[in-house]
Amino acid sequence: MGLLKDEDIAAVKQLLAEMSGAVALTHYHTQEDCPGCPVVTELMSQVEPLSEQLTVTQVNVDDGDGSLPDWASPELPAVQVLEDLGRLRWMYHGVPAGYEFGQLLQVVLLASGADHGVPPAMAEELGRINK
């Protein structure tokens, strides 16, 4: 049995059905002194099959070809959220448990281009902010 219960899986699948485009998650982990890494690995493996528009790449930073981006904090585990065009939307460090898991799912939706719920006039006003 995984981390997510059947009713959790159904709720996550329903939420991810609102995705408008593809999103890629990259999970950075290590085998050394990282008690949260196996938890996030399992969580990502449970979430990935819930949407055809979601892909998860597991990167073990201990491997020669696996490393965190230069700008990222070295804290592991970490989950990177990329839009369809490969632009970074968000980087989460730690185990996304409790409300953090809900936030991760919301960022995935936003990165997919799903409706953000901000009224158009307010979104236009916010778009003019340049400082």
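Tutor: Start with the buried residues of helix H3: Phe101, Leu104, Leu105, Val107, Val108, Leu109, Ala111 and Ser112. Keep in mind that this is a predicted model.

How far apart are the end C-alpha atoms of H3? They are 20 Å apart. The helix has 14 residues, 99-112, and at 1.5 Å a residue these should span 20 Å, so the two values agree.

Now look at what H3 packs against. Its buried residues meet two helices, H1 (6-16) and H2 (37-47). They also pack against four strands: E1 (23-29), E2 (54-60), E3 (78-82) and E4 (88-93).

Take H1 next. Its buried residues pack against H3 in turn, and against H2 and E2 as well. Which residues of H1 are buried? They are Val12, Leu15 and Leu16. These cover an arc of only 95° around the axis, so they sit on the same side of H1. An α-helix has 3.6 residues a turn, so residues three or four places apart point the same way. The face of H1 turned away from the buried side carries Asp6, Glu7 and Gln14, which are exposed.

Strand E4 is another partner of H3. Tyr92 lies in this strand. Is Tyr92 buried or exposed? Its relative accessibility is 14%, and the cut-off for buried is under 20%, so Tyr92 counts as buried. Setting aside neighbours within four places in sequence, Tyr92 is in contact with Pro77, Ala78, Val79 and Glu100. Thr41 is 51 residues from Tyr92 along the chain, and their C-alpha atoms are separated by 14 Å.

How many salt bridges does a search of the whole structure find? It finds 2. One joins Glu124 and Arg128, at 3.1 Å from N to O. The other joins Glu125 and Arg128, with the closest N and O atoms 2.5 Å apart. Together, Glu124, Glu125 and Arg128 are linked in a network. Glu124 is exposed, with a relative accessible area of 52%. Glu125 counts as partly exposed, at 48% relative accessibility.

Notes:
Residues are numbered from 1 along each chain as its sequence is written. This is a predicted model: local features need pLDDT of at least 70, side-chain atom pairs count only at pLDDT 80 or more; totals for chains, interfaces and linings use all residues. Side-chain values use heavy atoms; hydrogens and water are left out. The expected span of a helix is 1.5 Å times one less than its number of residues. Buried means under 20% relative accessible area, exposed over 50%, partly exposed in between (1.4 Å probe, protein chains only). Contact means heavy atoms within 4.5 Å. A salt bridge is a side-chain nitrogen of Lys or Arg within 4 Å of a carboxyl oxygen of Asp or Glu. The arc is that of the directions from the helix axis to the C-beta atoms.
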